[in-house]
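Me: Hi! I've got a chain open here and would like to talk it through with you. Could you start with the surface?

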Amino acid sequence: MQVTGYAPRGVADLRGRSGPPLALHYGPDAVVVVGGVPGSGKSTLLRRWDAPAGLIDPRTTRLACRARMPAALPYPVYRPAVRLLHLLRTRAAFRRPGPLLVHDCASRWWMRRALAHWARRYGRELHVVLLAVRPAEALAGQHARARTAAPRTFRLHVRRTARLLDRLERRGLAAFPGARSVLLADAPARERLAGVRFGDSRGPGGSVDPVGSVGSGS
């Protein structure tokens with residue numbers, strides 16, 4: 001099946017919409033945040049894209065720290081240090097030239113503000129792909145990868161993501177400060193996201209909007 005080029009603008013909603021596979025087009029120095037609750041398919045999507053871009057993934061930082069810690073030391077003890085190191089690595093990646101992909105839940109307000117601040121400070125376009133899958137589907141995804149979040153943590157992610165989706169519906173891009181676009185995808189729509197390209201953000205032959213828009217940012 002032919003892949004359609006698409007340059008997202010504003011808040012665009014793929015949920016419940018069928019159509020051809022999409023190759024997302026962004027500018028040459030764009031930062032694209034791939035968000036969603038644990039198990040929503042962020043890592044799988046990023047592997048499928050296999051994009052020529054830098055990648056910031058908190059799991060990479062967590063595993064690197066774990067390798068240096070005594071095996072008997074519980075993760076919660078050094079979790080604050082892991083989070084701080086991840087923030088420093090993320091900020092450093094914003095400073096380097098070239099496109100960047102950021103693996104993040106996207107539901108924490110302070111992280112959204114940090115991403116917007118760094119994008120503004122270093123002259124980056126900030127874009128978001130938010131995987132808005134159902135909680136049951138996300139739990140199935142966790143079990144499939146044999147890596148599950150604590151029930152309380154997962155419920156917190158679900159509530160925060162639901163609030164973010166509600167704000168996007170009501171306020172458009174104002175719900176995600178600094179973002180040029182937020183693309184919403186449920187589980188079927190996630191499979192349509194065939195790839196990502198960085199360069200001419202208009203896409204091949206200009207931007208043709210194949211999806212619906214929501215919120216005041218559309």
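Reply: Happy to! The chain has an accessible surface of about 11,100 Å², and 54% of that belongs to carbon and sulfur atoms (Shrake-Rupley method, 1.4 Å probe). This is a predicted model, where local features need pLDDT of at least 70, side-chain atom pairs count only at pLDDT 80 or more, and totals for chains, interfaces and linings use all residues. Residues are numbered from 1 along each chain as its sequence is written, and side-chain values use heavy atoms, with hydrogens and water left out.

Me: Thanks! How many helices and strands are in the chain?

Reply: The chain holds 7 helices and 10 strands, taken as DSSP runs (H or I, at least four residues, for helices; E, at least two, for strands) numbered from the N terminus. Its radius of gyration is 17 Å, close to the 17 Å from the globule rule for 218 residues, so the chain is as compact as a globular protein of that length. That radius is taken over C-alpha atoms, and the rule is 2.2 Å times the number of residues to the power 0.38.

Me: Switching to threonine 90, is that residue buried or exposed?

Reply: Threonine 90 counts as buried because its relative accessibility is 0% (buried is under 20% relative accessible area, exposed over 50%, partly exposed in between, with a 1.4 Å probe and protein chains only).

Me: Where does threonine 90 lie, and what does it touch?

Reply: Threonine 90 lies in helix α3, residues 75-95. Leaving aside residues up to four places away in sequence, threonine 90 touches Ile56, Met111, Leu115 and Trp118 (contact means heavy atoms within 4.5 Å).
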